[in-house]
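Hi everyone, thanks for coming. Let me put the structure up, and then we'll walk through a pocket and the cores together.

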Amino acid sequence: MNSYYNITNKRLYYRGQIDIIDMPMQLTSNYKYFLVYEDQTSRFVVLKGLHGNTANEVALKLLDILAIIGAPQVLQSNNGRKFAKEVVQELRLLCKDFIILHGEISQNKEQNRDFKNLLERWVEKNPTKTWYEAVKYIQIFQNSTFRSENGKIPYDILFGRNVHEDFEKRINTIDSAENIWTEEEWISLMSNGTDNVKKESDEQHTENLTFTDNRDVDSVSITLTM
């Protein structure tokens, strides 16, 4: 079977989804919409604020995204096949050598995420901020914590490693993480932590040896007494 398409379902595997969601206009921002691009294989998402919802503006933003994480074979959208077609046409006008197709929505078995609700909840917790400022935080959080059906995180699938999660695990073991700003401080702290672990291990090993020696002495004493 060709790894690029499913003959039975007549669908190409590598798909991307672009959705445009409207948000309330705020005095501090003239962004009225945001786009969500989701790589369907990894569930990796990119969120971008939009002034309007035209195919041209969306294509310009999307081209920046695809230039970094790579392009799918097929673009689909919850905003309809017609919109997906318009975005694809704009993309191929922007880049003549850029071959991408539009297709029908492929419903993912996993529950879709409600990004509008996530943004609104973030703003509730951060009342001095706007939803436009929240998009980056939601994107980072979703890509480093959301787990797919196979239990993997988007960062893991797309890049092979979730650096953010690895870093968080180490930081959570440090009391003064907020005071660390340089690479040198981090390496020094990690080195000291390793030394402390080794010291504790050596001390435990010594205690075990002492305990064993004492038992041997007691055993000899008992034998002599008998």
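The second largest pocket in this predicted model has a volume of about 190 Å³. A pocket here is an open set of points on a 1 Å grid over the protein atoms alone, where a 1.4 Å probe fits, with protein on both sides within 12 Å along at least five of seven lines; the volume is the space filled by probe spheres set on the points, joined across faces, edges and corners. Its lining residues, which have an atom within 4 Å of a point, include Gln17, Asp19, Arg43 and Phe115. Strand 3 (15–22) and strand 4 (33–39) each give two or more residues, and strand 3 gives the most, with four.

A word on the numbers: residues count from 1 along each chain as its sequence is written. Local features need pLDDT of at least 70, side-chain atom pairs 80 or more, while totals for chains, interfaces and linings use all residues, and side-chain values use heavy atoms, without hydrogens and water.

Now, which residues have the most contacts inside the largest nonpolar core? They are Leu62 and Val87, in a core of 21 residues. Such a core joins buried (under 20% relative accessible area, 1.4 Å probe, protein chains only) Ala, Val, Leu, Ile, Met, Phe, Trp, Tyr and Cys residues through side-chain atoms within 4.5 Å. Helix 1 gives the most to this core, six residues. Leaving aside neighbours within four places in sequence, Val87 is in contact (heavy atoms within 4.5 Å) with Ala55, Val58, Ala59, Leu62 and Leu75.

Finally, a second, separate core has 15 residues, among them Tyr31 and Trp131.

How values were computed. Buried means under 20% relative accessible area, exposed over 50%, partly exposed in between (1.4 Å probe, protein chains only).
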